[in-house]
Amino acid sequence: MAASDEGNLLPQLVQQLLFVRDEIPNIKTLDFINLIEHVVVIFDKLGAVLAFAKADMVIKCASLRSVADKCPTLKDIYEADKATKTLTKKGSNARNLHRLTGVLSFLRLLLMKLIEDPVCTTGTAASYAYEQALAPAHTFMIKSAVRAGMYVLPGRVAFMASLGVTDDSARESANTLVISAQPVVDAVLGLYKEKMPV
């Protein structure tokens with residue numbers, strides 16, 4: 001996995017995000033996968049409640065990696081599935097890409113809430129991010145389980161420490177992520193003219 005230095009997870013993620021942002025509008029498939037793999041490591045730090053999401057991300061990243069030679073950019077992935085009329089088919093690379101973009105949105109919203117409000121708990125921030133970015137794609141049963149599990153997320157200080165930062169030291173990296181993730185999300189979602197199924 002791309003992110004291996006456990007002591008610097010957030011700065012590593014931001015570095016990879018800026019690299020991908022600078023590739024807009026021709027984001028390379030492998031670089032985007034590397035970015036999401038950094039996000040996967042951070043999901044690990046939220047505990048078991050989102051373990052299913054981590055497993056799903058790993059599978060979806062593998063599917064994109066398997067076609068990276070044929071589809072070196074994210075636009076190529078979209079165009080390839082559009083040509084075969086499989087854009088909205090479950091398990092298609094284009095649909096997997098769309099779902100992985102939601103994961104990046106989740107992390108952006110989570111950190112945005114944490115830096116906006118110094119007393120906001122990890123659970124409150126994660127609940128907000130989940131409802132906005134991931135819940136629309138989940139079944140009622142999954143949503144119910146995740147919502148219940150938000151009460152057992154690690155505390156704010158413990159979560160930040162697991163990323164190798166404190167509230168103070170995380171502020172610059174988190175702000176950069178919040179600002180820089182949005183254009184990446186917009187660039188990927190901008191490929192899709194079709195309404196994607198939830």
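Let's start with Leu-177. Its relative accessibility is 0%, so Leu-177 counts as buried. Buried means under 20% relative accessible area; over 50% is exposed, and in between is partly exposed, with a 1.4 Å probe and protein chains only. Leu-177 sits in helix H9, residues 167-189. Helices here are DSSP runs of H or I with at least four residues, strands are runs of E with at least two, and both are numbered from the N terminus.

Before I go on, a word on the model. This is a predicted model, where local features need pLDDT of at least 70 and side-chain atom pairs count only at pLDDT 80 or more, while totals for chains, interfaces and linings use all residues. Residues are numbered from 1 along each chain as its sequence is written, and side-chain values use heavy atoms, with hydrogens and water left out.

Back to Leu-177. What is Leu-177 in contact with, leaving aside neighbours within four places in sequence? The list is Leu-10, Leu-13, Val-14, Leu-17, Leu-107, Arg-108 and Leu-111. Contact means heavy atoms within 4.5 Å. Look at Arg-108 in that list. Arg-108 and Leu-177 are 69 residues apart along the chain, yet their C-alpha atoms are separated by 6.6 Å.

Now the helix pairs. Two packed helices are described by the angle between their axes and the distance between the axes. Axes are lines fitted to C-alpha atoms, for helices over the stretch in contact, and angles run from 0 to 180 degrees between N-to-C directions.

First pair: H1, residues 9-21, and H2, residues 29-44. Their axes come within 9 Å and cross at roughly 160°. H1 and H2 are therefore roughly antiparallel to each other. The cut-offs: under 35 degrees is roughly parallel, over 145 roughly antiparallel, 65 to 115 roughly perpendicular, and the rest oblique. The crossing of H1 and H2 is left-handed. That is the word if the near helix is turned anticlockwise from the far one by less than a right angle; clockwise is right-handed.

Who meets whom? From H1 we have Leu-9, Gln-12, Leu-13, Gln-16, Leu-17, Phe-19 and Val-20. From H2 come Asp-31, Phe-32, Asn-34, Leu-35, His-38, Val-39, Val-41 and Ile-42. By class, this contact of H1 with H2 has ten nonpolar, four polar and one charged residues. Nonpolar covers Ala, Val, Leu, Ile, Met, Phe, Trp, Tyr, Cys and Pro; charged covers Asp, Glu, Lys and Arg; the others, Gly among them, are polar.

Between H1 and H2 there is a loop, and Pro-25 lies in it. The peptide bond from Ile-24 to Pro-25 is cis, with omega near 10°. Keep that bond in mind for later.

Next, H5, residues 93-116. Take H3, residues 51-65, against H5: the axes come within 9 Å and cross at roughly 135°. That makes H3 oblique to H5. H3 passes H5 in a left-handed crossing. On the H3 side, the contact uses Met-57, Lys-60, Cys-61, Ser-63 and Leu-64. On the H5 side, it uses Asn-93, Asn-96, Leu-97, Arg-99, Leu-100 and Val-103.

Then H4, residues 74-83, against H5: within 8 Å, crossing at roughly 135°. So H4 is oblique to H5. Here Leu-74, Ile-77, Tyr-78 and Asp-81 in H4 meet Asn-93, Ala-94 and Leu-97 in H5. Five of these residues are nonpolar, one is polar and one is charged.

Is Asp-81 buried or exposed? Buried, at 9% relative accessibility. Sequence neighbours within four places aside, Asp-81 is in contact with Thr-86, Leu-87, Ser-92, Asn-93 and Ala-94.

In the loop between H4 and H5 we find Lys-85. Lys-85 counts as exposed, at 76% relative accessibility. Its phi is near 55°, a positive value in a residue other than glycine.

Last item: cysteines. Cys-71 is buried, at 8% relative accessibility. Cys-120 is buried too, with a relative accessible area of 8%.
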